[in-house]
Amino acid sequence: MPDTQYSEIIDFALKREKEAVQFYTELEHIAQFASQKELLGEIKGMEQGHVKILENLKTKSPEAIRVERVPNFMASTYLVEAQPAKDMNYQDILIIAMKREDRSHALYEELLQQTENPELRKIFEMLAGEESKHKRFFEDLYDKYVQPDN
Amino acid sequence: MSLKDILSPLTVWRRTAEKPYTVIDPINDRPGAARYRGFHKNDMEACIGCGTCETICQNAAIDLVPVEGIETTNGDSGLRPQIDYGRCCWCALCVDICTTSSLTMSNEYIWVDTDPEVFRFVPGAENKPWDNSELGYSRAEGYQLLDPERVEMPELEPDTRLTSFIEMVQGYSAEQAKKEADRCVECGICMAACPAHMDIPGYIKAIRENDINGGLALMYQTNPFPASCGRICTHRCEEVCAINHTGDPIAIRWLKRYIADMADESDYQAITKTAEPERTEKVAIIGAGPGGLSAAYYLRLLGYQVTVFEAQPHGGGMLRYGIPEYRLPYDQLDKDIDLVASLGVEIKYNTRINGLKESNGPKESDGPGSDGGPAPSFEQLYQDYDAVFFSTGLPDPYTLGIQGEDHPRVISGISILEDVTAGKTPDLRKSVAVVGGGNVAMDAARTARRMGCEVTVLYRRREVDMPADEEEITEAKEEGVKFITQAIPVRIEDKPEAKGEQAAFVWGEAEMVDQGEDRRPKPVLQEDKIHTDLFDTVVPAIGQGSSLDFIPEDMAAKIGIIKYKIKVGLHGETGEPKIFAGGDISNRLKDAISAIADGHRAAKGIDRYLRENQSKKETS
């Protein structure tokens, strides 16, 4: 795989993660209460961490990429998208985060299906895996704190 | 000298041709009898270090000692019996009383050593030749020094229960309470498990000695809600009760209730009076739930001027607005609250603190305790008081988050319970689906049954995973609540023929996926196994969240909020020295007794903070 192609894909993923950072920054501005801002700040920090990971990947060769997949438990599949609002609660924020990760995961899965190139596939698999891990993290929080009785 | 005298010694030589009378190899040739009471063995894994063996030993031969590799855990003191064979009389009472049956005796009786210290040893801690001996003394099957069976609590029959909200548990008589108290071995393992560390063996002993006021005084040392906790406590103490290993755990909660019921209300103040002088410092408390009132009680005992601000017209928090009267009658809750108020704690009801700079008026102006004046903001309390404690609980119900949940026939479990407390009749109609498996779900389901509804509980996981108390689940079943487990909510639909009068609840069957040890299995929706059921009302009861909107942003940054919870230290300290917090907004257990314990600890923290402040002022 040409280096430029590899770099382009990582740049694409980077752009998405930076958009996510920007998204949560905007949500922080919309949020009215300190408890919302604290959580949004934490999620934003995680997205910034993802940006750093991807930036580090740019300096690595595609062969060094490790693919990690986590099973999809569909915990957020049937949840309704929450809208950013100044009075959003813990549940709303987690749903927003899960749905975002879900969409990113679906995008990389789609890209994975569209290519036969094994190296490209590996990168998309890695990116899809990362997004599913993030989604799973939020799903676990949702399970533990939002619906402990369900 | 006769000839006999000369020959007699020679007759001894005859013996040389006979078989020996002594045992040549006594260790191998003369084992102890099958049930001989020889050296002790102890199953270190089964033993919980309750110390009952030490207590019963008539020769003071047993001490409980720390042992390397054995940690103190919930339900295990981390100690193990050490036996002094210079004192032991091998009576085996220790084996007979052992609450876990871990202590037994081998049939070995020979142990030779030149060091006398080795004969004070901890069975099971080091390898001994008799460790694997199958023979020796153990308690015979069916033989019990302790009574393994709990005194049954009289309760209303399920059919009778459903006719009203009258309390279903009727309480022990004096005879029953004493009989149950007699089962306690006073090991104290329960005290460590109780979040408030109540002196449980102490007040159970008081029942045995018919010293009700003494028992009540002991309870008030760590818990100012004995009448309430005697009914609805999550009784973590009973889970670790030593007797639970071979029989029914002691009914600690019911014994607590017995004392609270028996103590004369007129004696309460005398029992709980304080000798502390009045102090001038003022403490504001937000929330008159168990956490807030517990802090108020202990601060008042220390002499502080305490004001409690409560948004609702009555105190008790979730004890009143989240627990139905058939489990906790309001007069019993009021008994606990009245005692706190009677000490001089001012409780301002109908006073909702808000985080805005400008004060808003009270939400309701005619409730008890309301002075009709403006409700202060959090910042005002911070300015006007020497310390602030807040314990505002988890009042906001989370939704199912699925499509169609805005259907008019969807009502949250908490709002049903609140309505009933407020004397309103929730519009439930006939068929009700309650979604969730916690105590709120069970209470909502059982409340609906008392209102004549047919109730089905749907829960995502298995029954064994339900967070509700086991007895709540059992009682719900007795009362005719149906259960569908491994049912994942998918969406709520409005069937045209139902015209908004019924909700179609769509749910799918779950497959449980193991998540490894100590983690609940994950329910995963099987999309090919979807069901639709029509209900008059769908009641989500899956969890609740905090409402911290009253804390201004600049102050919240100092206090420290993580994932909608307040980060606190051991004594409820937040990042802002003057502000303390506790209860469901900060702790993990989210039950009344934990909130009570938090309130007590915070009172100590506030006391220390204010005394240090005073010292600083005096020295400067």
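View 1. Excluding neighbours within four places in sequence, Val308(B) is in contact (heavy atoms within 4.5 Å) with Ile285(B), Gly287(B), Ala288(B), Leu293(B), Ala296(B), Val345(B), Glu346(B), Ile347(B) and Lys348(B). The model is predicted: local features require pLDDT of at least 70 and side-chain atom pairs pLDDT 80 or more, while totals for chains, interfaces and linings use all residues. Residues are numbered from 1 along each chain as its sequence is written, chains are lettered from A and ligands numbered from 1 in the order in which they are written, and side-chain values use heavy atoms, with hydrogens and water left out. Val308(B) is among the residues with the most contacts inside the largest nonpolar core, which has 81 residues. Such a core is a set of buried Ala, Val, Leu, Ile, Met, Phe, Trp, Tyr and Cys residues joined through side-chain atoms within 4.5 Å; buried means under 20% relative accessible area, exposed over 50%, and partly exposed in between (1.4 Å probe, protein chains only). Domain 2 (158-270) and domain 3 (278-395 + 547-619) of chain B both contribute residues, so this core lies between them; the domain bounds come from an automatic or database domain assignment.

**View 2. The interface of chain A and chain B.** Here 29 residues of chain A are in contact with 37 residues of chain B. The two chains bury about 3,100 Å² between them, 52% of it on carbon and sulfur atoms; this is the accessible area (1.4 Å probe) that two parts lose on being put together, summed over both. In chain A, Tyr78(A), Asp149(A) and Asn150(A) lose the most area to chain B, together 25% of what that side buries.

**View 3. Salt bridges between the chains.** Seven salt bridges are counted between chain A and chain B, each a side-chain nitrogen of Lys or Arg within 4 Å of a carboxyl oxygen of Asp or Glu. Arg460(B) pairs with Asp143(A), the closest N and O atoms being 2.4 Å apart. Glu42(A) forms a salt bridge with Lys563(B), with 2.8 Å between the closest N and O atoms. Glu42(A) lies in helix α2 of chain A and Lys563(B) in the loop between β19 (561-562) and β20 (565-566) of chain B, so the pair joins two chains. Helices (H or I, at least four residues) and strands (E, at least two) are DSSP runs, numbered from the N terminus. Glu42(A) is partly exposed at 26% relative accessible area, whereas Lys563(B) is buried at 19%.

**View 4. The salt bridge of Glu471(B) and Arg253(B).** The side chains of Glu471(B) and Arg253(B) meet in a salt bridge (2.4 Å, N to O). The pair links distant parts of the chain, 218 residues apart: Glu471(B) belongs to helix α20 (residues 470-478) and Arg253(B) to helix α12 of chain B. Relative accessibility is 26% for Glu471(B), which counts as partly exposed, and 3% for Arg253(B), which counts as buried.

**View 5. Helix α10 of chain B at Ser228(B).** Ser228(B) lies in helix α10 of chain B and is buried, at 0% relative accessibility. Not counting residues up to four places away in sequence, Ser228(B) touches Cys233(B), Leu319(B), Leu328(B), Gln332(B), Leu333(B) and Asp336(B).

**View 6. Positive phi at Trp90(B).** Most residues other than glycine have a negative phi. Trp90(B), not a glycine, has a positive phi of about 60°. Trp90(B) is placed in the loop between β3 (79-84) and α4 (93-97) of chain B and is partly exposed, at 26% relative accessibility.
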